[in-house]
Amino acid sequence: MNTLQIGIPKMGFTETTTRFLLHNPNHHLPCSSSMVVSVSSSGFSRKSTIVCGLRSGPRKSLWRSRVLSSEAIQAVHSLKLARNSDKLDEVFSNRLSRLLKEDLIATLTELQRQNELELSLKVFGFVRKELWYKPDLSLYSDLIYMFGKNKLIETAEELFLELQREGLKPNTRTYTEMIGAFIQVDMIEKAMGLYASMKESGCAPDKLTLTILIRNLEKAGEEELASTVKKDCEEYVENPEEFLIEVAKNYVSTSTLDIVLNLFFCFYRQDSQVLPLA
């Protein structure tokens with residue numbers, strides 16, 4: 001039996017790769033973290049534990065580590081059941097109004113985790129009316145991340161403006177989430193404009209900010225802009241050369257992954273068909 005091992009660094013998956021995994025459920029492949037893939041006549045196998053994405057899930061707010069109480073679980077369930085009915089106002093007045101502060105915040109966080117966009121926004125509006133409410137950057141950042149991830153850029157922008165109207169000053173995370181939201185919808189100019197405003201405000205970009213910008217600018221063919229961000233690494237990152245090597249080493253285009261998967265899967269599984277590239 002012939003076996004070939006190839007190293008594949010961090011990566012994301014395109015629709016083509018997703019189709020591959022759907023048609024071949026026994027082949028578990030990573031979308032981040034370095035690994036070695038073994039290819040043999042029996043298919044692919046892996047030798048490492050994988051975590052997807054630039055971060056292991058959304059950045060946690062101050063409230064995310066709390067276990068949901070039964071009251072919060074019931075509130076989430078009631079909201080989802082009443083979402084499109086006249087009973088939604090009743091749920092807010094009879095159930096959410098009785099929740100403790102921690103349970104109400106936990107309800108909001110759980111709705112965000114479930115990607116309940118409209119309900120999350122309504123519960124956030126309810127939270128803001130509570131007597132104990134004080135403007136909180138982490139709450140806004142969580143929402144900006146959620147709406148940016150779903151490419152609802154107008155809502156993300158409105159939240160970014162609203163937090164400032166409430167007297168809050170964006171921090172590194174808030175700027176990064178908004179920059180990421182712009183990049184999600186290919187608004188490179190706005191992303192770079194906000195990046196410039198971030199630096200002018202005295203808010204230093206972190207490694208995540210720089211990585212998101214460098215990778216996506218290069219992917220979009222904006223080499224000059226990517227070079228500008230790379231130069232900023234000298235100011236904002238300790239050991240910038242090592243950081244840039246790591247960014248380059250851990251990034252491989254998804255089209256390259258598709259080619260590798262198609263070639264090796266077709267070669268070793270002769271009964272298979274070559275998957276069309278996206």
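When I speak of a helix here, I mean a DSSP run of H or I at least four residues long, with the helices numbered from the N terminus. With that settled, let me start at Asn239, which sits in the loop between H11 and helix H12, the latter covering residues 240-249. Please keep in mind throughout that this is a predicted model.

Asn239 has a phi near 55°, a positive value in a residue that is not glycine.

Let me step back to the whole chain for a moment. The protein has 13 helices and 3 strands, and of its 278 residues 44% are buried. If we take the contacts between residues at least 6 apart in sequence, 62% of them join residues that are at least 24 apart. The accessible surface comes to about 15600 Å², and carbon and sulfur atoms account for 51% of that area.

How do H10 and H11 lie relative to each other, parallel or antiparallel? Helix H10, residues 207-219, packs on helix H11, residues 223-236, at an angle of about 160° and with 8 Å between the axes; since an angle over 145 degrees counts as roughly antiparallel, the two helices are therefore roughly antiparallel to each other. The crossing of H10 past H11 is left-handed. On the H10 side the contact is made by Leu210, Leu213, Ile214, Leu217 and Glu218, which meet a set of H11 residues including Leu225, Ala226, Val229 and Cys233. Sorted by class, this contact of H10 with H11 holds 9 nonpolar and 3 charged residues, with no polar ones.

H10 has a further partner in helix H9, residues 188-200: the axes of H9 and H10 come within 12 Å and cross at roughly 150°, which makes H9 roughly antiparallel to H10. Here too the crossing is left-handed, with H9 passing H10. The residues involved are Ile188, Met192, Tyr195 and Met198 from H9, together with Thr209, Leu210, Leu213 and Leu217 from H10. By class, the contact of H9 with H10 comprises 7 nonpolar residues, 1 polar residue and no charged ones.

A pair with another geometry is H2 and H4. Helix H2 (residues 70-82) packs against helix H4 (residues 101-113) at about 50°, the axes lying 9 Å apart, and the two are therefore oblique to each other. Their crossing is right-handed. Glu71, Ala72, Ala75, Val76 and Leu79 of H2 meet Asp103, Ala106, Thr107, Glu110 and Leu111 of H4, and these residues divide into 6 nonpolar, 1 polar and 3 charged.

Is Tyr140 buried or exposed? Its relative accessible area is 0%, so Tyr140 is buried. Leaving aside neighbours within four places in sequence, the residues in contact with Tyr140 include Phe124, Arg128, Tyr133, Leu159 and Glu162. Between Tyr140 and Phe160, which are 20 residues apart in sequence, the C-alpha to C-alpha distance is 7.5 Å.

Conventions. Residues are numbered from 1 along each chain as its sequence is written. This is a predicted model: local features need pLDDT of at least 70, side-chain atom pairs count only at pLDDT 80 or more; totals for chains, interfaces and linings use all residues. Side-chain values use heavy atoms; hydrogens and water are left out. Axes are lines fitted to C-alpha atoms, for helices over the stretch in contact, and angles run from 0 to 180 degrees between N-to-C directions. Angles under 35 degrees count as roughly parallel, over 145 as roughly antiparallel, 65 to 115 as roughly perpendicular and the rest as oblique. A crossing is left-handed if the near helix is turned anticlockwise from the far one by less than a right angle, and right-handed if clockwise. Contact means heavy atoms within 4.5 Å. Ala, Val, Leu, Ile, Met, Phe, Trp, Tyr, Cys and Pro count as nonpolar, Asp, Glu, Lys and Arg as charged, and the others, Gly among them, as polar. Buried means under 20% relative accessible area, exposed over 50%, partly exposed in between (1.4 Å probe, protein chains only). Accessible areas come from the Shrake-Rupley method with a 1.4 Å probe; for residues, only the protein chains shown count as cover.
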